[in-house]
Amino acid sequence: MAALGGGDGGDGGGAGRALPPHSPSGAVLQTVEMHTGGEPLRIIPRLEAAERAAAAGLSLLSLRRELAAGQDHVRRALMHEPRGHAGMYGAVVVRGGAAADGAHLAALFLHCAGYSAMCGHAVIALGRFALDYGLVPEPTRPETAVRLRCPCGPVTAFVPWDGRRSGNPVRFHSVPAFAAATDLAIDVPGHGKVVVDIGYGGTFYAFLSAEQLGLDVCSSKTRDLVSAASAVTEAVKKQFKLHHPESEDLAFLYGTILTDGKDAFSEEPTTNICVFADEQEAKFGNYNAVIVEVSGEAFYTGTATFTVEEEDPLKHGFFFK
């Protein structure tokens, strides 16, 4: 399957030689391309550096740190321009070793700004991928439970299976979700005091209505919403200390979600915008928590082979912010 390594990049015409050419020492990265509700996911089915580290016994969080320190050029090459874009998202699949810890596969989540501990749209796509690429030894009909290990913990996806291929919709049970803080007053430069809730569902987010910032999620300019949400994120990071019951590696604010203010439960559709870099009771550390079930549809868009030429000054990508 997909691999990271070198290849033949010799000169000359050479009938039958694989194209495009690349440097002998350059990387060849094969990916599976998917989307979930329009959110892209670039899956790297095999990364040799990750496999070696997993075989050596590294946990998934330790593996994430090691890849960030020594293999970050892979993330930049695939997430940034010219191979990616500002909204690109990725997942490195890890099989076996301490990283997977009894699951069918583990996943490291990548994006343009770095690494995430959890990604719902990626889990939905990876559930289908795991079945179609034979990572679940004995899938069952009409639905197969796919066990994934994410940096935030174990997640189970339930994927339709007809005996030949996966289908939709895919649903998954996430790690325990809880409110880390409610009605928290935060002073946001340029906006004054606002009241936010801090929630965790694999990553920490700040939640507040866009109205508190003088905006509307349906009619305000996207740039204004993003700027305001980013200001909230930075203010919360400076003014509130996060704690995770199991690992301080997970105690960071991933972003801010601006809502339309319709917080009371109803069947009426609601709108929110998530800016980043529900029913079963549970207990998680000292927090009252719930196990959330999320459902969605993921589809394949293709496969790709990306190459690197060492003399390319932009070989590891560039990023407009």
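Two strands are taken to pair if DSSP finds at least two bridges between them. In this predicted model, strand S10 (residues 192-200) and strand S11 are joined by four bridges and run antiparallel. Within this pairing, Tyr-200 is placed opposite Phe-204 of S11. The hairpin formed by S10 and S11 has three residues between its strands, and in it Gly-202 adopts a positive phi near 120°.

S11 also pairs with strand S12 (residues 253-259), here in the parallel sense and over six bridges. Ala-206 has Thr-256 of S12 as its bridge partner. Together with helix H6 (residues 222-239), S11 and S12 form a β-α-β unit of right-handed sense. Strand S11 (residues 204-209) is largely enclosed by the rest of the structure, because five of its six residues are buried. Helix H6 contains Val-236, which has a relative accessibility of 1% and therefore counts as buried, the limit being under 20%. Although Val-236 and Ala-206 are 30 residues apart in sequence, the C-alpha to C-alpha separation of the pair is 7.7 Å.

Burial also marks helix H3 (residues 72-79), which is mostly covered, with six of its eight residues buried. The buried residues of H3 are Asp-72, Val-74, Arg-75, Ala-77, Leu-78 and Met-79.

At least two lining residues come from each of helix H2 (60-70), helix H4 (97-100), strand S6 (143-150) and strand S7 (153-160). By class, nine residues of the lining of the second largest pocket are nonpolar, three are polar and three are charged. Both domain 1 (27-169 + 297-308) and domain 2 (176-291) contribute to this lining, each with at least three residues.

Two cis peptide bonds are described next. Arg-141 and Pro-142 are joined by a cis peptide bond with omega at about 0°. Pro-142 is located in the loop that lies between helix H5 (120-132) and S6. A cis peptide bond also leads from Asn-168 to Pro-169, where omega is near -5°. The position of Pro-169 is in the loop between S7 and strand S8 (170-173).

Positive phi values also occur in residues other than glycine. For Asp-101, phi is near 50°, and this residue belongs to the loop between H4 and strand S4 (105-111). With a relative accessible area of 51%, Asp-101 is exposed, because the threshold for this class is over 50%. Phi of Asp-183 is likewise positive, near 50°, but Asp-183 is found in a strand, S9 (residues 177-188). Asp-183 has a relative accessible area of 62% and is therefore also classed as exposed.

Key
Residues are numbered from 1 along each chain as its sequence is written. This is a predicted model: local features need pLDDT of at least 70, side-chain atom pairs count only at pLDDT 80 or more; totals for chains, interfaces and linings use all residues. Side-chain values use heavy atoms; hydrogens and water are left out. Buried means under 20% relative accessible area, exposed over 50%, partly exposed in between (1.4 Å probe, protein chains only). A crossover is right-handed if, with the strands pointing away from the viewer, the path from the first strand over the helix to the second runs clockwise. Ala, Val, Leu, Ile, Met, Phe, Trp, Tyr, Cys and Pro count as nonpolar, Asp, Glu, Lys and Arg as charged, and the others, Gly among them, as polar. Domain bounds come from an automatic or database domain assignment.
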